[in-house]
Amino acid sequence: MSHELLDLEEWMMVLNKMLKFHFNISEEIKAVVQAIRQEMKPELIPLAEDKANFGKLVKKAIREMWSLEYEVDELQAKFAESIGKLDLENLDVDFIEDMMLKSKPLQSVLNDIRNRQKAKLEEIKKTYGDAIKDLEAMKVARPPKEAAKAPVEAAPAPAEPAPAAAPAPAPVAATA
């Protein structure tokens, strides 16, 4: 049974080309919006909306790729924690055996993530391959996982002040 490995170079190339593709879409949207404003062409609004919606789909695909990378990072951190700080001076067979035993369950998790990465890579190449094949790769540092979650966590904050308005029924009690 041959197990095909994920080509990490191809993964990075496709991810970086997707980033360039998204950048290009954003630039096209800017140009259309400027044309709407400067040339007073409201008929271009649906075009801008279509491009923006397509850009959201591309960005979603990029975030899904990043999400899989975050999983690998977490797994690597767990492994590093499980083996602790390596004492190269006192490295013995028992430690190596223990490390190998600890790595086995993590290896199956890594294989699962890599298989999902391969599936995502094939899906993206199938969906966007023609659009990105001739693009230059655009390297963008992946945001830290906390930064990626921040907009989601910030969204509920405005909803919290709403319950403070609950005392409003008091005037109804005063009319009774």
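Helices here are DSSP runs of H or I with at least four residues, strands are runs of E with at least two, and both are numbered from the N terminus. Arg116 and Asp112 form a salt bridge, with their closest N and O atoms 3.3 Å apart. The term salt bridge denotes a side-chain nitrogen of Lys or Arg within 4 Å of a carboxyl oxygen of Asp or Glu. Asp112 is partly exposed, with a relative accessible area of 41%. Buried means under 20% relative accessible area, exposed over 50%, and partly exposed in between, using a 1.4 Å probe and protein chains only.

The model is predicted, so local features need a pLDDT of at least 70 and side-chain atom pairs count only at pLDDT 80 or more, while totals for chains, interfaces and linings use all residues. Residues are numbered from 1 along each chain as its sequence is written, and side-chain values use heavy atoms, with hydrogens and water left out.

**The whole chain**

Of the 176 residues, 22% are buried. Among contacts (heavy atoms within 4.5 Å) with a sequence separation of 6 or more, 84% join residues 24 or more positions apart.

**Salt bridges**

The structure holds 13 salt bridges.

Next, select Lys60 and Glu64, whose salt bridge has its closest N and O atoms 3.0 Å apart. Both residues lie in helix H2, and their spacing of 4 residues is about one helical turn. An α-helix has 3.6 residues a turn, so residues three or four places apart point the same way. Glu64 is partly exposed, with a relative accessible area of 25%.

**The nonpolar core**

Which residues touch the most other members of the largest nonpolar core? Select Met18 and Tyr128: these two do so, in a core of 25 residues. A nonpolar core is a set of buried Ala, Val, Leu, Ile, Met, Phe, Trp, Tyr and Cys residues joined through side-chain atoms within 4.5 Å. Helix H1 (8-39), helix H2 (45-83) and helix H3 (93-132) each give two or more residues to this core, and H2 gives the most, with 9 residues. Around Tyr128, show Met18, Phe21, Phe54, Leu57, Val58 and Ala61; Tyr128 touches each of them, residues up to four places away in sequence being left out of the list.

**Gln117**

Stay in helix H3 and select Gln117. Gln117 counts as buried, because its relative accessibility is 1%. Apart from neighbours within four places in sequence, Gln117 is in contact with Leu6, Trp11, Leu68, Glu69 and Val72.

Move to helix H1, which has 32 residues. From first C-alpha to last, H1 reaches 46 Å, close to the 46 Å expected at 1.5 Å a residue; the expected span is 1.5 Å times one less than the number of residues. At the start of H1, a side-chain oxygen of Asp7 comes within 3.1 Å of the backbone nitrogen of Glu9.

Further along H1, select Lys17. Lys17 is buried yet has no salt bridge, and the nearest side chain of opposite charge, that of Asp134, is 6.6 Å away. For charge, Lys and Arg count as positive and Asp and Glu as negative, while His and the chain ends are not counted. The Lys17 side chain instead reaches the backbone oxygen of Lys133 at 2.9 Å. Not counting residues up to four places away in sequence, Lys17 touches Ile132, Lys133, Leu135, Ala137 and Met138.

**The last stop: Met40**

Finally, select Met40, which follows H1 in the loop between H1 and H2. Is Met40 buried or exposed? Met40 counts as exposed, because its relative accessibility is 65%. Its phi is near 50 degrees, a positive value in a residue other than glycine. Most residues other than glycine have a negative phi.

Note on methods:
A polar contact is a pair of N or O atoms within 3.5 Å; within protein, one must be able to donate a hydrogen and the other to accept it, and residues adjacent in sequence count only if both atoms are side-chain atoms.
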